[in-house]
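I opened the model today and kept notes on each item I looked up.

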Amino acid sequence: MQVKSKKNRNKHLQKEKKRKNQDSIVVEKKRQISTSAIKKSRKKTNGLAATNINVKAVKIFSALRKEEDSKIKQLRVCYTLSSTQYIDSGSKKIYIQVVNPKNQIISNNNNPAENEFGTVLSYSAISNVFFENRDADDCLYVNLEEGKTIKGNFIINIYADFTKIGSSIFEYK
């Protein structure tokens, strides 16, 4: 009786082992497919670079506000989009991410972007730049959140299709 149960147990274990091997092969194939798809999508923007990044504070004055009250309300981020290799011409989505000294991402819209692979990117501003394989200058204004605007070093990250293409530091004194 014990021999029969051991044989049945062995058969069951062998079937379980075979099923697990097949499952791991399927998972590995899925991983290979998604990795190759990510690599293909990155080829479109991998050669882009954000250079000459210039960040300036913007204060907004009006008759309703006192000059002593005015903190910075926006950041003006300018950069040059250039390529290090041939890239398809066309519209490129450029995401600007501003991180305050407390490591909080400044985002007025609170709607993070998500690509087809499920990668999520929280951003502060977005710009569509038409790129024709030559340097393109772009500037945009990032609205700052009241509670997250503190003195210190802000990190400005620039992304193209979820790939970081540039970074700079802005010191708010």
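Which residue of β8 does Tyr79 stand opposite? I found Asp138 in that place. Strands here, like helices, are DSSP runs numbered from the N terminus (E, at least two residues, for strands; H or I, at least four, for helices).

**Ground rules.** I am working with a predicted model, in which local features need pLDDT of at least 70 and side-chain atom pairs count only at pLDDT 80 or more, while totals for chains, interfaces and linings use all residues. Residues are numbered from 1 along each chain as its sequence is written, and side-chain values use heavy atoms, with hydrogens and water left out.

**Overall make-up.** I counted 1 helix and 10 strands. The order from the N terminus is α-β-β-β-β-β-β-β-β-β-β. The protein has 173 residues, and 35% of them count as buried. I took buried as under 20% relative accessible area, exposed as over 50% and partly exposed as in between, with a 1.4 Å probe and protein chains only. I also looked at contacts, meaning heavy atoms within 4.5 Å. Among those between residues at least 6 apart in sequence, 68% join residues at least 24 apart.

**β2 and β8.** I looked up how these strands pair, a pair needing at least two DSSP bridges. β2 and β8 run antiparallel to each other over 8 bridges. For β8 I listed a covered face with Ala136, Asp138, Leu140 and Val142, and an uncovered face with Asp137, Cys139, Tyr141 and Asn143. Side chains in a regular strand alternate between the two faces of the sheet.

**Disulfide.** I searched for cysteine sulfur atoms within 2.5 Å of each other, the cut-off for a disulfide. The structure holds 1. Its partners are Cys78 and Cys139, with 1.9 Å between the sulfur atoms. Cys78 belongs to β2 (residues 72-83) and Cys139 to β8 (residues 136-143), so the bond ties together parts 61 residues apart in sequence. The S-S torsion is about 115°, so I noted the disulfide as right-handed. Is Cys78 buried or exposed? Cys78 is buried, because its relative accessibility is 10%. Cys139 has a relative accessible area of 41% and is partly exposed.

**Nonpolar cores.** I took a core as a set of buried Ala, Val, Leu, Ile, Met, Phe, Trp, Tyr and Cys residues joined through side-chain atoms within 4.5 Å. The largest one has 28 residues, and Tyr79, Leu81, Ile94, Ile96, Ile156 and Ile158 have the most contacts inside it. Two or more residues come from each of β1 (48-59), β2, β3 (90-99), β7, β8, β9 (152-160) and β10 (163-172). β2 gives the most, with 5 residues. A second, separate core has 6 residues, including Ala113, Leu121, Tyr123 and Tyr159. I then listed the neighbours of Ile94, leaving aside those within four places in sequence. Among them are Tyr79, Leu81, Ile126, Val129, Ile158 and Ile165.

**Ser124.** I found Ser124 in the loop between β6 (120-121) and β7 (125-131). Ser124 is buried, because its relative accessible area is 12%.

**Salt bridges.** I required a side-chain nitrogen of Lys or Arg within 4 Å of a carboxyl oxygen of Asp or Glu. The search of the whole structure gave 3 salt bridges.

- Glu146 meets Lys73 at 3.6 Å, N to O. This pair links distant parts of the chain, with Glu146 in the loop between β8 and β9 and Lys73 in β2, 73 residues apart. Glu146 is exposed at 56% relative accessibility, whereas Lys73 is buried at 17%.
- Glu132 and Arg134 meet at 2.9 Å, N to O. Glu132 is partly exposed, with a relative accessible area of 39%, and Arg134 is exposed, with 55%.
- Lys148 pairs with Glu145, their closest N and O atoms being 3.5 Å apart. Lys148 counts as partly exposed at 22%, and Glu145 as buried at 17%.
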